[in-house]
Amino acid sequence: MAGYILRRLLQAIPVFIGTTFLIYFMVFALPGDPIIALFGDKTPNPAIVAQLRAQYHLDQPFIVQYLIYMGGIFRGDFGISFSGQPVTEILARTFPVTLRLAVIALLIETIAGILVGMIAGLRKGKIFDGTTLAVSLILISLPVFVIAFVAQFVFGVQLGWARTTVGTGAPTQDLILPAFVLASISFAQIVRLTRSSVIETSGLDFVRTAYSKGLGRRRIVPVHILRNSLIPVVTYLATDFGVLLVGATVTEGIFNVPGVGNTLYQAIIRGEGPTVVSFVTVMVLIYLLVNLAVDLLYGLLDPRIRYVK
Amino acid sequence: MSNDFTETPVAGSAASARSRGHFVAPLEETPLVAIDAVKVAEKRSNLWIDAWRDARRRPIFWISGALIFLVLLVAVFPGLFTSVAPNNDCQLSLSNGAATAGHPLGFTKQGCDVYSRIINGTSTSLTVGIIVILLTTVLGVVFGAFAGFYGGWLDSFLSRIGDIFFSIPYILAAVVIMSVLSEYRSVWTISLAIGIFAWPSTARVLRAEILSVKQSDYVMASEALGVSKLRILFRHVLPNSIAPVIAITTISLAAAIVAEATLSFLGVGLGSDIMSWGNEINQAQRDIRTHPQTLIYPSIALSVTVFAFILMGEVIREALDPKARALR
């Protein structure tokens with residue numbers, strides 16, 4: 001196991017360098033001047049442009065700029081947002097909200113997804129199974145902002161069950177509707193994954209043995225079938241946690257959740273280039289770390305993964 | 001059937017065996033020549049023919065096929081479906097107006113015909129989707145095929161490059177590219193922004209498939225015959241491992257359409273001069289409380305199109321994968 005962890009950590013290094021380099025490259029080497037873009041339609045004062053260039057080290061060669069930037073990241077300095085606040089400070093304020101939202105969404109999709117997927121898998125080919133498959137395909141097809149708007153309109157405006165936007169301090173009851181929206185997409189994937197995994201496991205020899213030695217369904221289904229079907233589901237859930245932490249931009253924006261995603265959303269809408277880059281970098285780093293944790297978890301759950309060359 | 005193996009056969013006369021209900025082969029055996037004979041009349045069969053036979057029996061194949069055909073028709077010949085110009089006939093007096101004769105879905109905030117704008121936005125979505133899948137297929141097949149087939153350091157190198165692009169969620173990457181290229185917004189740049197980061201999933205699927213296909217006997221036979229490596233890859237290995245790529249490509253097309261709409265919705269996608277469902281939804285979101293119809297109709301058009309492609313992708317995936325067929 002130690003060898004596996006070490007190998008996985010070593011593999012993560014080139015990916016980490018590569019991703020940060022790529023983001024940096026995209027922003028500062030592609031056509032289009034980030035400094036000019038800061039000013040929008042106005043023509044900037046050349047002196048200010050020169051000063052900003054020096055401030056962002058844009059007068060240096062590209063590689064030097066990248067190294068300065070990487071040095072900053074290692075010292076925990078992700079830059080300064082457009083409004084002058086350090087990005088780390090904004091993160092300290094917004095990340096707990098996003099984390100709370102992600103945890104609620106993860107709870108909803110795990111409980112509902114595994115339950116529905118298991119029932120569908122055990123009743124393969126029946127009406128419940130067919131309906132679930134159809135509903136999950138429809139859910140997968142709906143873009144997240146469509147689901148968000150429909151939820152906002154139906155539950156917020158028409159039924160009045162929830163507030164359409166999240167209040168200050170993001171009380172947990174306000175986060176429930178956005179959490180349901182976030183959970184709806186992964187819910188469909190978890191249902192499908194659990195279903196096929198349950199069907200596959202139900203056909204295996206040890207399940208037949210369990211039946212033939214006279215065990216009841218009450219013991220076989222949770223102990224023999226479900227437990228052995230959950231490895232792919234658990235891995236998916238862990239990956240999805242990473243996606244929830246970084247991918248909630250649109251949902252957080254629509255429901256005005258004061259989280260990391262919403263900060264990015266606002267920065268995009270106002271066209272604040274440097275803030276967008278800092279936040280995307282941070283999100284990619286979170287995503288990388290979560291994925292690393294997932295791979296280690298997978299190695300822990302399934303010994304076969306560890307021993308592959 | 002249970003009789004065949006539940007009772008232990010006892011050595012003895014055939015008659016006693018028959019009385020116990022054992023299976024006894026008929027005396028007139030089928031001649032070996034007849035067994036080995038090639039039955040010309042039998043239907044030809046390979047993966048693709050099997051897949052087609054499986055798919056055409058399924059109603060959802062015909063439903064999604066019809067939907068895709070309709071969407072293509074609308075995209076190529078928008079004039080067949082509406083004669084109202086999407087931009088020119090706007091009247092502010094009709095702002096957010098209800099449906100009237102000739103304008104079945106009402107009007108946008110600018111007083112433009114919603115139905116006409118949806119019809120004329122179709123081709124944008126499809127064009128982006130098609131450019132993106134061309135890009136992801138070319139990049140994914142090149143990276144996946146060489147990495148899987150040659151293995152070794154080339155595999156490690158290409159796979160790490162894939163990992164780098166895979167680690168950046170492609171919507172976030174596209175957001176960065178499109179914010180930088182804000183002056184060059186067009187169907188091409190947005191497709192490039194999505195496609196550049198969407199290919200690693202195709203490459204991974206193909207690489208995994210090639211890893212198993214290259215163990216086949218026919219690959220070893222070709223090697224023994226002295227066929228060059230590159231020729232083996234393109235003549236034998238690639239055609240036999242392309243099936244999962246086709247399924248994933250259909251689903252990527254749907255994902256690309258969603259990505260374009262999401263970017264346009266965020267305001268970093270296509271310019272407002274280009275008709276696009278994402279732009280329509282972006283424009284309409286401010287009036288969701290009072291005039292939900294301008295938001296709902298483009299959303300329905302988008303969702304139905306995406307649904308059609310995802311459904312088709314599912315049918316293709318199940319038809320090409322005998323293991324997935326068993327799960328049905």
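A residue counts as buried here if 20 or more other C-beta atoms lie within 10 Å of its own C-beta. By that rule, helix α8(A) is mostly covered, with 24 of its 31 residues buried. The model is predicted.

Helix α8 of chain A runs over residues 172-202. Its end C-alpha atoms are only 39 Å apart. A straight helix of 31 residues would span 45 Å, at 1.5 Å a residue. The helix also has a kink of about 35°. That kink is centred on A:Ser184.

**A loop residue with positive phi**

A:Asn256 sits between two helices of chain A, in the loop that links α11 (249-255) to α12 (260-270). Its phi is near 55°. That is a positive value in a residue other than glycine. Most residues other than glycine have a negative phi.

**A buried valine in chain B**

B:Val237 belongs to helix α12 of chain B, residues 229-241. Because 22 C-beta neighbours lie inside 10 Å, B:Val237 counts as buried. Which residues does B:Val237 contact, leaving aside neighbours within four places in sequence? They are B:Phe149, B:Ile210, B:Val213, B:Lys214, B:Val219 and B:Ile232. B:Arg289 lies elsewhere: 52 residues from B:Val237 in sequence, and 56 Å away in space, C-alpha to C-alpha.

The two residues with neighbour counts are set out here.

**Where the chains meet**

Chain A gives 40 residues to the contact, and chain B gives 37 residues. On the chain B side, four helices each supply at least two residues: α7 (152-167), α8 (170-180), α13 (243-266) and α15 (293-320). The largest share comes from α15(B), with nine residues. By class, the side of chain B that touches chain A has 24 nonpolar residues, eight polar and five charged.

**Confidence**

The predictor gives the complex an ipTM of 0.78 and a pTM of 0.80. For chain B, the mean pLDDT is 80. A pLDDT of 70 or more is reached by 84% of chain B residues. Residues 1-17 of chain B have pLDDT below 50. Beyond near neighbours in sequence, that stretch has nine contacts in the model.

Definitions and conventions. Residues numbered from 1 in each chain as written. Chains lettered and ligands numbered in written order. Predicted model: local features only at pLDDT ≥ 70, side-chain atom pairs only at ≥ 80, totals over all residues. Contact = placed C-beta atoms within 7 Å. Nonpolar A, V, L, I, M, F, W, Y, C, P; charged D, E, K, R; others polar. pLDDT = per-residue confidence, 0-100. Expected span 1.5 Å × (residues − 1). Bend = angle between axes of the 7 residues up to and from the residue. Buried ≥ 20, exposed ≤ 12 C-beta atoms within 10 Å, placed from the backbone.
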